Amino acid sequence: MADLSIATQFVHAGERRNAPAGVPASTPIYASSSFIYEQVEDIDRIVDGETSGFVYSRYGNPTVAAFEEAMAAIENGKFAFAYGSGMAAIHAALLACELTSGSVVLASKDLYGSTFELLYTVFGAFGVKTVAEDFTDIAALRAKAFEVKPAALICETLSNPLLKICDIEECSAVAREVGAKLIVDNTFATPYLCRPLDLGADFVVHSATKYLGGHADATGGVVIAKEEFDKPALLGALTLAGGVLSPWEAHSILRGIKTLGLRMEKQCSNAERLAAQLQKLPQIQDVIYPKFFEGEQGKALDAAFHGSDFGAIVTIRLREDTRETSYRFLNALNLCTRAASVGDLFTGIVHPATATHRELSPAKRAAIGITEGLIRISVGIEDVNDILADIEQALRVVEDFSRGLTQIEEVRAAAA
Ligand code: PLP
């Protein structure tokens, strides 16, 4: 180095040291877009698949690979590929179903709004037809599947925000009967509650931005596959569409996964206690929480969830079912955040009608039960008494305001 000019030293000094002798206890962030080898033939062998290794980070990166390996293990899949967001992962899983013009995708009517937008706009433009169906009604789903002969079925384990549960085993039986692939978005349940590949799904997708990462500091997605033969299609969707995950995000999400079990245990027990308490409050007309499900949805819960927990999301409907009341409630919260996400370790509360389901018309929203007074609570790991106290004080603010309005109206009426 000493015989090189200072300008050259600026570029090369200190770089490309050998890996240290000890194995790092935590996977390092390999912030490198390419990897250098002594012999160019070594690169050839890796690109040809003769030996394993990394050449260029769009085709693979050690930090990202560690995250993929972790996901394949915890979802019990053959392999996983990571993407830059949950939407990129869903896009890739759909591409891997080898849809062509005229193909039909049978989609759960309770899907996340952007997944529908992706199907209707991006895939629709290439002649793929999307048919929406109620995946909680297996007889209707089967009849529709035989009628439209889909190439792919797509649903969520636990829907947003109404927490409808899909019986994955039944849905995968329908998919097999019509020769279609089943994609399951397991973002809300996580493998802590449900492992769809064990129940017959072909692909599991996640928005890793949510529970997997869990700290609101990374955006990412992942697809986990049941069968090795789906690898080329998914790899193509990754390397050619190019929506790869960065090693920085992979590192944050990988760290998040280490505490997924602990966080879910605490978040689920907090949610269960919160749901029970919220049922007693007069300002709330309805508390939606899987523990309370009976009938078909109770059976679907038993079939899909493997543990004794019921998830970390509680959805409530305010007695005054209006947007004004919902906004007043949200704005009065002091501890619970008004974060437009879900699955973080802090409690986040959103108004689905103007957030997750904003793009639907009011009539469509009402038809699926997303009224203006519906509120989704993503329960965090805080002390549940503090969460409850914050919600109760915000509900009192709303109540005081409504009482004030009523008094003003009474005074006006008396004066008229
Ligand atoms: N799937 C579900 C169920 C979601 O709720 C979301 C986002 O909210 C996504 C996928 C998309 O994830 P991302 O925002 O990471 O693209």
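Helix H7 (residues 168-177) lies across E4 and strand E5 (181-185) and runs at about 150° to E5. Helices (H or I, at least four residues) and strands (E, at least two) are DSSP runs, numbered from the N terminus. Contact means heavy atoms within 4.5 Å; axes are lines fitted to C-alpha atoms, for helices over the stretch in contact, and angles run from 0 to 180 degrees between N-to-C directions.

The model is predicted, with local features needing pLDDT of at least 70 and side-chain atom pairs counting only at pLDDT 80 or more, while totals for chains, interfaces and linings use all residues. Residues are numbered from 1 along each chain as its sequence is written, and side-chain values use heavy atoms, leaving out hydrogens and water.

E4 and E5 belong to an open sheet of seven strands with mixed pairing, in the order E1-E7-E6-E5-E4-E2-E3. Its edge strands, E1 (79-83) and E3 (129-133), each pair on one side only; two strands pair if DSSP finds at least two bridges between them. Neighbouring strands of this sheet are turned by 20° against each other on average, direction ignored. Within it, Ala107 has Ile154 of E4 as its bridge partner.

A second open sheet has four strands in the order E8-E9-E11-E10, with antiparallel pairing. Strand E8 (284-288) and strand E10 (348-350) are at the edges with a single partner strand each, so one side of each has no neighbour in the sheet. The twist from one strand to the next averages 20°. Val314 is opposite Ile377 in E11.

| Strands | Sense | Bridges |
|---|---|---|
| E2 (residues 104-108) and E4 (residues 152-156) | parallel | three |
| E9 (residues 313-318) and E11 (residues 374-378) | antiparallel | five |

Helix H5 (residues 113-123) lies across E2, E3 and E4 at about 145° to E3. Helix H13 (residues 323-331) lies across E9, E10 and E11, at about 25° to E11.

The domain assignment, which is automatic or from a database, gives domain 1 (61-257) and domain 2 (262-409). Their contact takes 34 residues from domain 1 and 39 residues from domain 2. About 2,900 Å² is buried between the two domains, 63% of it from carbon and sulfur atoms; buried area is the accessible area (1.4 Å probe) that two parts lose on being put together, summed over both. Between domain 1 and domain 2 there are zero salt bridges (a side-chain nitrogen of Lys or Arg within 4 Å of a carboxyl oxygen of Asp or Glu).
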